[in-house]
Amino acid sequence: QVQLVESGGGLVQAGDSLRLSCAASGGTYDMGWFRQAHGKEREFVAALRWSGGDGYYAGSVKGRFTIAGNTSKNTVFLQMNSLQPEDTAVYYCAAGSFRRGVVSDTRTYDYWGQGTQVTVSS
């Protein structure tokens with residue numbers, strides 16, 4: 001059974017930075033970060049292919065967010081810089097296989113973390 005444990009959310013001001021972490025146990029998978037703002041659908045943020053280390057980003061975060069992994073600890077990080085109020089959401093870590101589908105599609109992922117709240121004040 002795969003378990004994903006996220007940490008690192010919090011309340012920050014616009015322009016600040018946060019780093020989210022997701023520790024995975026029970027296997028090695030391609031990893032993704034999604035977010036869901038109140039009243040909106042869950043949306044893709046970033047993804048990491050473990051073999052090769054390729055990173056993928058939503059257009060809204062490209063250049064501000066960076067996804068990276070520590071293979072020895074089976075942990076994936078999301079470094080978020082220049083945060084804006086529109087980045088406010090619950091952020092979810094997800095694990096799956098990119099051979100099965102599109103990296104930005106929630107259906108590609110089999111396992112999800114519990115979510116961590118990120119709130120950016122203006």
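Predicted model: local features only at pLDDT ≥ 70, side-chain atom pairs only at ≥ 80, totals over all residues.
## Briefing: sheet, core and salt bridges

In β8, Gln79 is the residue that Thr66 stands opposite.

**The four-stranded sheet**

- The strands β1-β3-β8-β7, in that order, make up an open sheet of four strands with antiparallel pairing.
- Because β1 (3-7) and β7 stand at the edges and have a single partner strand each, one side of each is left without a neighbour in the sheet.
- From one strand to the next, the twist averages 15 degrees.
- On one side of β8, the antiparallel pairing with β3 runs over six bridges, and within it Arg19 has Gln79 as its bridge partner in β8.
- The pairing of β7 with β8 is likewise antiparallel and comprises six bridges, with Phe65 having Met80 as its bridge partner in β8.
- Four residues lie between the strands in the hairpin of β7 and β8, where Asn74 takes a positive phi near 50 degrees.
- Five of the six residues of β8 are buried, so this strand is largely enclosed by the rest of the structure.

**The largest nonpolar core**

- The largest nonpolar core has 34 residues, of which Met31, Trp33, Leu78, Met80 and Tyr91 touch the most other members.
- Two or more residues of this core come from each of β3 (18-25), β4 (30-36), β5 (43-48), β7 (65-70), β8 (75-80), β9 (89-96) and β11 (116-121).
- When residues up to four places away in sequence are not counted, Tyr91 touches Glu6, Leu20, Trp33, Phe34, Arg35, Val45, Phe65, Leu78, Met80, Gly115, Thr116 and Val118.

**Asp87 and its charged partners**

- Asp87, which has its place in the loop between β8 and β9, has a relative accessibility of 1% and therefore counts as buried, the cut-off being under 20%.
- A salt bridge joins Asp87 to Arg64, with the closest N and O atoms 2.8 Å apart.
- This pair links distant parts of the chain, since Asp87 is in the loop between β8 and β9 whereas Arg64 is in the loop between β6 (55-57) and β7, 23 residues apart.
- Both partners are buried, Arg64 as well as Asp87.
- The side chain of Asp87 also makes a polar contact of 2.9 Å with the side chain of Arg35.
- Beyond its neighbours within four places in sequence, Asp87 is in contact with Arg35, Arg64, Phe65, Ser82, Val118 and Val120.

**Other salt bridges**

- Asp54 and Arg49 form a salt bridge in which the closest N and O atoms are 3.8 Å apart; Asp54 is partly exposed, with a relative accessible area of 38%, and Arg49 is partly exposed at 23%.
- Arg107 and Asp105 form a salt bridge with the closest N and O atoms 2.7 Å apart; Arg107 is exposed, with a relative accessible area of 69%, whereas Asp105 is partly exposed at 21%.

**The loop between β4 and β5**

- Lys40 has its place in the loop between β4 and β5, and its relative accessibility of 58% makes it count as exposed.
- The C-alpha atoms of Lys40 and Asp16 are separated by 24 Å, the two residues being 24 residues apart along the chain.

Conventions. Residues numbered from 1 in each chain as written. Heavy atoms only, no water. Core = buried A, V, L, I, M, F, W, Y, C linked by side-chain atoms within 4.5 Å. Buried < 20%, exposed > 50% of the residue type's maximum accessible area, 1.4 Å probe, protein only. Contact = heavy atoms within 4.5 Å. Polar contact = N/O pair within 3.5 Å; in protein donor to acceptor, adjacent residues only side chain to side chain. Pairing = 2+ DSSP bridges. Axes fitted to C-alpha atoms, helices over the stretch in contact; angles between N-to-C directions. Salt bridge = Lys/Arg side-chain N within 4 Å of Asp/Glu carboxyl O.
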